[in-house]
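Here's a quick tour of one protein model, written for someone who likes to check the geometry along the way. Open up the structure and follow along.

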Amino acid sequence: MSSVSDALSSMMGNSQVNDVSRQKKTTQKTTKEYGTTFGDVELSDKAKDYYKELRQKYSDMDFVIVSRDKKEEAKANLQNFGNANKMVVVIGEDEVEQMANDESMRNKYEGLIEMARQASSTLGKAAESNSDIVAYGITTDKDGNASFFAVMNKANQSSSERIADIREKRKEKAEQAEKIEEKRAAKADAEEKRMAAKEDTEVLTSSTLEGLLKKINDFTIQKRTANVETDAEKMLGRSIDFSV
């Protein structure tokens, strides 16, 4: 399988973050008919029925369906779609139409989705042990190719502090309430991670799970290494009293 556009591997500059937020508000939404959408999606009746069955079949995964005119924009904004607790499938409305009308394409795409389902456990464990992973998922293209993606937090201590602060506030609210359902808490946790890190993230992609895991590991090592001060750096700006 070939990977999706190389543009997915680079993150937009901070000057574009506000534009992304506005785009998300105007193009991403949740509907009763399609679930989460990006752009104005309109499937044929046959495709609607098939897509409903597809989401039910893979109910342990999240789906985001993208309108044909928003595909490139979606590729550049994968950080808006990921989930740190569940595999996300970002798929175009054209691909769903193909699946509904062509059995061979249906088998091909469902094979990719099944592959993503099997990889979900591995990526989920990676996210549990690596706080840099904000979200993860898989994208497909019109040629039947797939690419795994992971949204990584580039921020350092400041982001971690924000996450801790948000979690502490949620804990205080939880203590006042009688019970918070586990599923709701998991979704809240994922949303908090995205909120805390969305302004400083990088999207990593690979056509294979192994490739993505390697990129995640390299990213984490590079980030940790960049944050380690040398002895000389630690001494900068500090005075030493040599008197006895």
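## The big picture

Accessible areas here come from the Shrake-Rupley method with a 1.4 Å probe. On that basis the protein exposes about 14200 Å², and carbon and sulfur atoms supply 47% of that area. Keep in mind that this is a predicted model.

The protein has nine helices and seven strands. It runs to 244 residues, of which 41% count as buried. If you take the contacts with a separation of 6 or more, 72% of them come from residues 24 or more positions apart.

## Two aromatic pairs

A pair of aromatic rings is described by the distance of the centres and the angle of the planes. The structure holds two such pairs. One of them joins phenylalanine 38 and phenylalanine 81: the centres sit 5.1 Å apart with 85° between the planes, which makes the pair edge-to-face. Phenylalanine 38 belongs to strand β2 (residues 35-38), while phenylalanine 81 is in the loop between α3 (71-75) and β4 (88-92), so the pair ties together parts that are 43 residues apart in sequence.

Next come tyrosine 51 and phenylalanine 63. Their ring centres are 6.2 Å apart and their planes stand at 90°, so this pair is edge-to-face. Tyrosine 51 lies in helix α2 (residues 45-57) and phenylalanine 63 in strand β3 (residues 62-66), so here the parts tied together are 12 residues apart in sequence. Tyrosine 51 has 1% relative accessibility and therefore counts as buried. Phenylalanine 63 has 6%, so it is buried as well.

## Where α4 meets α5

Now for some helix geometry. The axes of helix α4 (residues 93-101) and α5 come within 6 Å and cross at roughly 120°. Why are the two called oblique? Angles of 65 to 115 degrees count as roughly perpendicular and those over 145 as roughly antiparallel; the crossing is at roughly 120°, and α4 and α5 are therefore oblique to each other. The crossing is left-handed.

Which residues meet here? From α4 the list is Glu95, Gln98, Met99, Ala100 and Asn101. Facing them from α5 are Glu103, Met105, Arg106, Tyr109, Glu110 and Ile113.

Helix α5 spans residues 103-129, and serine 120 is found in it. With a relative accessible area of 17%, serine 120 comes under the 20% cut-off, so it is buried. Set aside the neighbours within four places in sequence, and serine 120 is in contact with Met87 and Tyr136.

## Threonine 30, out in the open

Threonine 30 has its place in strand β1 (residues 28-31). Is threonine 30 buried or exposed? At 65% relative accessibility, threonine 30 counts as exposed, since the cut-off for that is over 50%.

Again leaving aside neighbours within four places in sequence, threonine 30 is in contact with Gly35 and Thr36. Another distance to check is the one to valine 64: threonine 30 and valine 64 are 34 residues apart in sequence and 9.2 Å apart in space, C-alpha to C-alpha.

Technical notes
Residues are numbered from 1 along each chain as its sequence is written. This is a predicted model: local features need pLDDT of at least 70, side-chain atom pairs count only at pLDDT 80 or more; totals for chains, interfaces and linings use all residues. Side-chain values use heavy atoms; hydrogens and water are left out. Helices (H or I, at least four residues) and strands (E, at least two) are DSSP runs, numbered from the N terminus. Buried means under 20% relative accessible area, exposed over 50%, partly exposed in between (1.4 Å probe, protein chains only). Contact means heavy atoms within 4.5 Å. Rings of Phe, Tyr and Trp (its six-membered ring) pair if their centres lie within 6.5 Å; planes under 30 degrees apart count as stacked, over 60 as edge-to-face and the rest as tilted. Axes are lines fitted to C-alpha atoms, for helices over the stretch in contact, and angles run from 0 to 180 degrees between N-to-C directions. Angles under 35 degrees count as roughly parallel, over 145 as roughly antiparallel, 65 to 115 as roughly perpendicular and the rest as oblique. A crossing is left-handed if the near helix is turned anticlockwise from the far one by less than a right angle, and right-handed if clockwise.
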